[in-house]
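Open the model in your viewer and keep the selection panel at hand. The tour goes stop by stop.

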Amino acid sequence: MAKQVIKVEHLEKYYQKDHILHDINFSIDQGEVVALLGPSGSGKSTLIRCLNGLEPYQNGTVSFNGDQVVPTEKNWQKLRQKIGMVFQSYDLFPNLTVLDNILLGPVKVQKQSRETAKAAAEKLLDQVGLREYENVYPRQLSGGQKQRIAIVRALALNPELMLFDEVTASLDPEMVRGVLNIISKLAQDSDMTMIVVTHEMNFAQQIADRVLFLEDGKILEQTKGDQFFKQPQTDRAKEFLESMDF
Amino acid sequence: MAHSGINVLFEGRNLIRLFGGLWTTVEIAAVALVLGLILGVILGVLRTFPNRLLRLVLRLYLEFFRIVPTVVLLFLFYYILPKQLGVNLPANQVATLVFALWTAAEMSDIVRGALISVPKHQRESGMAIGLNRLQLYRYVLIPQAVSLELPATINLVTRVIKTTSLLMLISVMDVINVGQQVVEANNQKYPTGVFWVYGIIFVMYFAIDYPLSWWAKRMDKKRLERANG
Ligand SMILES: Nc1ncnc2c1ncn2[C@@H]1O[C@H](COP(=O)(O)OP(=O)(O)OP(=O)(O)O)[C@@H](O)[C@H]1O
Ligand SMILES: [Mg+2]
């Protein structure tokens, strides 16, 4: 039986008085790719931000590799090297070169030697076709290139779980394909466990082993990927897919 | 004109004395700036921490040094505090201390402002790769804040240097004080000497401060150009 990487039980999240997430329960096995879908404002970002402690939650638990996380800043900070996250805004550190952006985590957080980390980073850069940009500063890159580097920066820590929050939403259309291909390749060629928030339905259908459909902060359905897109179980999900022109 | 006023500068050791005074001024300003800027960065970082009490205390510190005029601060530290506390520091050290504390206060505000204007996403991306708070500041926030705050810092430096002209008030042998003595001693022989002495002091201050403020302006312009693409 596959190992359970992350498990969420009875998670509740409030912003002041606003109840944002309601009794969230799910778990993800190693190697599984889960697409987190739902209309704008349904709480997708908030939910995945709770999974690496960027957002505090008021009730419920998150367990990682079977251990319940005691939600202190220090514990989350340690866990974040195992839970990579890539955001919608490509936010490389503008004060560092591409290579130094990637090496910051491995060298400063994980205390790897610069040589070891550099060799690994260059291999990853090769895989995303950006090896020749390693000494360039982020402002000299296109949005798509920045986002690919941001993915490499997260992967360089050798995470066990990757969280992607609409990583192509602010890219020019012609840049989207390249970034999505990298995520697809990661899903196919490695055993990476991933949660992907996206509004690219074709992409979600192609990579998702399972879909979590979120609305108004509740998980309305959890369905196998191929089934969700053919035959969603709830009317709301059906309407959602129609609204996405799918 | 046998007694042209400019000769007052070349009479005896006058010019050397003026430069000696300038040196005292520069020394006080330099030491105060180095100490003040370092302390200011630390205080500025602390002012972005969530602890409310800490932020309040540091805010009061800033407001105190900002509201109380520098003249009053100098008098306070030189004449009043020693009587109350029984510490007697030489005037030069009192001056250095006052200027350092004042610089630190102003600098803390510049640093805080720059740090909070680094986009929130930068902080979160840093956290997302597992940086702890110290590393986040060291590698991500402070380097980005520095480029934002450099022009304001240089302007602060020029202000501090200008304000050193108040040092004579607590009998530091700074360039202004020396200048006054030279004027008084030579008043009989060179009635117009006063213009020349203060003229050269003006040139001295100008020579130090103008390049700095030119540099700050140029950097600000460049930054705006870069921000506007
Ligand atoms: N910092 C915040 N303070 C208060 N409310 C917030 C905050 N961030 C998000 N919310 C609210 O929480 C709800 C969920 O937001 P969230 O960003 O998680 O949605 P989402 O599903 O990611 O939407 P989108 O598809 O637009 O990214 C929204 O109603 C939003 O207004
Ligand atoms: Mg979102």
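Buried means under 20% relative accessible area, exposed over 50%, and partly exposed in between, with a 1.4 Å probe and protein chains only. This is a predicted model, in which local features need pLDDT of at least 70 and side-chain atom pairs count only at pLDDT 80 or more, while totals for chains, interfaces and linings use all residues. Residues are numbered from 1 along each chain as its sequence is written, chains are lettered from A in the order in which they are written, and side-chain values use heavy atoms, without hydrogens and water.

Select residues 235-243 of chain A, which form helix 9. Helices (H or I, at least four residues) and strands (E, at least two) are DSSP runs, numbered from the N terminus. Colour Ala237(A), Phe240(A) and Leu241(A): these are the buried residues of helix 9. They sit on the same side of the helix because they cover an arc of only 95° around the axis, the arc being that of the directions from the helix axis to the C-beta atoms. Now turn to the face away from the buried side, where Asp235(A), Glu242(A) and Ser243(A) are exposed. The buried residues pack against several elements of chain A, including strand 3 (33-37), helix 7 (201-207) and helix 8 (225-230). Contact means heavy atoms within 4.5 Å. Step past the helix to Asp245(A), whose phi is positive, near 60°.

**The sheet**

Next, show the open sheet of six strands in chain A, with the order 6-7-8-3-9-10 and mixed pairing. Two strands pair if DSSP finds at least two bridges between them. Strand 6 (83-86) and strand 10 stand at the edges with a single partner strand each, so one side of each has no neighbour in the sheet. Zoom in on strand 6 and strand 7 (residues 161-165) of chain A, which run parallel and are joined by four bridges. Here Met85(A) stands opposite Leu163(A).

**Thr61(A)**

Move to strand 4 (residues 59-64) of chain A and pick Thr61(A). Is Thr61(A) buried or exposed? Thr61(A) is buried, at 18% relative accessible area. Leaving out residues up to four places away in sequence, Thr61(A) touches Lys7(A), Val8(A), Glu9(A) and Gln68(A).

**The interface**

Finally, display chain A with chain B. The contact takes 23 residues from chain A and 17 residues from chain B. Across the interface there is one salt bridge, meaning a side-chain nitrogen of Lys or Arg within 4 Å of a carboxyl oxygen of Asp or Glu. Select Arg49(A) and Glu124(B) to see that salt bridge, with the closest N and O atoms 2.8 Å apart.
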